[in-house]
Amino acid sequence: LIFAQHIMVQIGGTFDSFTMLSRKQTSKHEQNFQERFDEELYAYKEARNQTSKNEQNFQERFEELRLYKETNGDCRVPQRYEENKKLGNWARLMRRHYKNNKMQQDPAWKKRFAQLEAVGFEWGKVNDSWQELFEELCEYKEANGHCRVPIKYEKNRKLGSLVYRMRKYHKEHDKKQDPVWKK
């Protein structure tokens, strides 16, 4: 502003109207700057507050995971964990973030990843029902000498249904061409 006034004086012009216009623009610019600054500061505080809430939520679920491990001896929390649905959903979300490489790319997630690794978190999808049915099938074979579980097996209809579906799949697919049966 002083430089502009100095130039106007040197070229013989008046600077009263220029000064007024310049002051109005400066005042308007300062007001716009202040508004933008306030908006950005508010957005920053909100983001920081949200990050704080996310971190708090993570730490709460992490503590629940540690308790789960103490109780169950592992960190294989199923996504449909009936005793604590929030923990099950959280475990599913952690696995999804891991699968999508969010934990390896985002610095905030690297710390969380390290925490989960330290307690032995299971990154693969947990399918406890399959494991339980497989163990029951092994017990059935041991008791009966074969794996021909009837479809309507009274002790466990799910086991009968699983064996039926596996037989049907096996009949429909050629063992040599299907990678599932090559193993």
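Which side chain meets that of Glu60 in a salt bridge? The side chain of Arg61 does, at 3.9 Å from N to O, where a salt bridge is a side-chain nitrogen of Lys or Arg within 4 Å of a carboxyl oxygen of Asp or Glu.

The model is predicted, so that local features need pLDDT of at least 70 and side-chain atom pairs count only at pLDDT 80 or more, while totals for chains, interfaces and linings use all residues. Residues are numbered from 1 along each chain as its sequence is written, and side-chain values use heavy atoms, with hydrogens and water left out.

The structure holds 5 salt bridges, among them these:

| Salt bridge | N to O distance |
|---|---|
| Glu60 and Arg61 | 3.9 Å |
| Glu64 and Arg61 | 2.9 Å |
| Glu82 and Lys85 | 3.9 Å |

Glu64 and Arg61 both belong to helix α2 (residues 16-72), where they lie 3 residues apart, about one turn of the helix; helices are DSSP runs of H or I with at least four residues, numbered from the N terminus. Arg61 is buried at 8% relative accessible area, whereas Glu60 is partly exposed at 37% and Glu64 is partly exposed at 22%; buried means under 20%, exposed over 50% and partly exposed in between, with a 1.4 Å probe and protein chains only. Salt bridges that share partners join Glu60, Arg61 and Glu64 into one network. Glu82 and Lys85 are both exposed.

As for the cysteines, a search of the whole structure finds 0 disulfides, a disulfide being a pair of cysteine sulfur atoms within 2.5 Å. For Cys147, the nearest cysteine sulfur is that of Cys138, 7.3 Å away. Cys147 is partly exposed, with a relative accessible area of 34%, while Cys75 is buried at 1%.

Technical notes
Helix = DSSP H or I, 4+ residues; strand = E, 2+ residues; numbered from the N terminus.
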